[in-house]
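Here is a short briefing for a first look at this structure. Start with the sequence and the model below.

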Amino acid sequence: MRKILHYALNRAVITALIVIFQIGFFMLEIFKWGNYYVEIAFVLRLLSFGAVIYIIWRQNNPAVKLAWVVPILLFPLFGGIMYLAFGHVFLPRKLRAGMERTNLLIQESLQQDERVLDEVEKKNRGVANQSRYILEYAGTPVWDHTAAVYYSEGVDYWKQMLVDLEQARHFIFIEFFILCEGSMWNAVLEVLERKVREGVEVRLIYDDVGSVFLLPKKYYETMEKKGIKCVAFNRLIPFMSLILNNRDHRKIVVIDGRVGYTGGINMSDEYINYTCPYGDHWKDAGIRIEGEAVWNFTVMFLQMWNMSCYTEEDYGRYRYIFEEKPRAAGYVQPYVDTPLDSEIVGENVYLNLIGYARRYIYIFTPYLITDNEMYTALKLAAKRGVDVRIVTPGVPDKKMIYWLTQSNYQNLIEAGVRIYQYTSGFIHSKCVLCDDEVATVGTINFDYRSFYHHFECGVFLYQSEAVMELKRDMEHTFAVSEKITLEWCRKKFMKTNIIGPFLKLFSPLL
């Protein structure tokens with residue numbers, strides 16, 4: 001009963017009820033003016049027609065356009081209103097000004113060392129082209145002198161993070177989509193409180209919607225009282241607006257500008273298998289970098305902080321100066337993707353890797369719900385003889401998303417793509433590996449939310465030791481996963497051939 005009451009009084013539930021009330025109030029107001037129904041209906045249909053024209057005119061993915069045009073045409077009286085409320089983001093002037101200001105600070109702070117890019121060019125022009133794309137459209141340079149360690153399990157990632165946090169002397173920056181009170185976060189928080197008392201500056205960003213069922217109301221105030229500067233990103237408000245749809249899905253930890261972390265791992269106990277909500281095991285991946293490339297993460301965090309707080313500061317004072325540069329093979333390029341521009345960096349990095357592959361392309365993803373361009377790239381790679389393998393969960397966290405993912409299996413398998421389901425439980429890793437040379441590890445799923453709606457990040461790796469560490473993990477995962485066959489797909493005919501394709505029509509909105 002207490003649990004039911006907890007969820008019933010949760011901010012997300014209350015906000016949803018308020019939004020429903022707003023919709024109901026709007027409809028009642030229309031009924032009140034029943035004598036003018038013809039005129040009101042004409043205006044609403046005109047609004048819907050205008051919304052359809054605007055959607056068609058916009059430079060956007062055709063699947064996203066179709067997902068909105070169909071329901072608007074089906075419900076012309078309210079379709080335009082729903083699109084106005086949920087389908088288009090009108091950025092507040094203050095937020096837009098903050099974005100422009102922080103973009104200028106990033107351009108000033110992140111400068112490419114041309115020597116490094118020239119080295120990559122001499123080794124492999126295709127990889128250099130990928131790095132140039134990331135530099136141009138994400139604004140983040142590629143670095144050498146950076147050691148990278150890949151973690152195939154959340155618990156190992158967390159334990160090393162605790163060791164590094166203990167060594168902090170100047171500042172700690174932490175940014176997560178999900179923050180949940182429990183063993184994992186409590187151990188980190190204990191270190192943070194102690195570091196604050198030692199004079200270390202600690203800043204924390206958590207996504208308000210991602211953590212809405214997991215943290216007490218105004219948790220940021222609790223953190224401030226502990227001396228931890230804290231921001232709840234894009235707070236949940238009881239008003240119809242899709243700006244709430246743009247979430248901070250990034251996971252970033254920066255310690256003194258010397259060590260950085262990212263990956264799929266959130267700050268919650270299932271990520272370290274202290275709890276097992278989906279199957280017997282939660283598999284995730286993370287990466288730790290140490291060296292000059294950490295500067296990218298430092299600037300990325302500060303941009304999000306300053307954009308959220310509408311502040312300005314000198315980024316340069318947080319840059320770590322290495323007296324002796326770390327000795328490490330290869331090149332490391334942390335990058336960022338934002339939903340507030342027209343460039344889908346996360347998806348394009350994946351597409352470039354798939355197009356670059358000559359021998360194999362291996363993929364870990366919890367969701368496989370993307371656009372036709374991605375499916376075509378995967379199928380073409382398989383058809384030209386590339387070994388394409390994708391691992392998805394064997395146990396779902398969301399049934400509808402699971403069915404949508406499975407509905408794509410048959411078409412891919414028929415083209416030669418190998419699909420595996422992680423038998424032990426849920427795989428949350430977001431990794432792509434190509435030809436023993438290049439890889440990316442980060443927060444970006446193969447779905448519309450990551451590609452179009454969320455703030456995301458990742459690390460592009462070339463000839464780093466972490467590349468082969470990832471390969472060993474992938475080969476082990478293939479061995480313990482179920483290989484999906486066409487016969488398997490036919491046995492799941494109802495889900496994969498009837499329910500899935502119907503849901504796929506609306507997948508860009510899920």
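Predicted model: local features only at pLDDT ≥ 70, side-chain atom pairs only at ≥ 80, totals over all residues.

Residues are numbered from 1 along each chain as its sequence is written, and side-chain values use heavy atoms, without hydrogens and water.

**Overall**
- The chain holds 20 helices and 19 strands; these are DSSP runs, with helices H or I of at least four residues and strands E of at least two, numbered from the N terminus.
- Of its 510 residues, 56% count as buried, meaning under 20% relative accessible area with a 1.4 Å probe, protein chains only.

**Helix pair**
- The axes of helix α8 (residues 125-137) and helix α13 (residues 345-356) come within 11 Å and cross at roughly 170°; axes are lines fitted to C-alpha atoms over the stretch in contact, and angles run from 0 to 180 degrees between N-to-C directions.
- So α8 is roughly antiparallel to α13, a term for angles over 145 degrees.
- Residues in contact (heavy atoms within 4.5 Å) include Y133 of α8 and L353 of α13.

**Cavity**
- The whole structure has one cavity of 30 Å³ or more: a set of points on a 1 Å grid over the protein atoms alone where a 1.4 Å probe fits but cannot get out.
- The largest cavity has a volume of about 40 Å³, the space filled by probe spheres set on the points.
- Among the residues lining the largest cavity are P366, Y367 and D397; lining residues have an atom within 4 Å of a point.
- Helix α15 (residues 399-406) gives the largest share of this lining, three residues.

Methods
1 Å grid on protein atoms, 1.4 Å probe; cavity = no way out; pocket = protein on both sides within 12 Å on 5 of 7 lines; lining within 4 Å. Parallel < 35°, antiparallel > 145°, perpendicular 65-115°, else oblique. Buried < 20%, exposed > 50% of the residue type's maximum accessible area, 1.4 Å probe, protein only.
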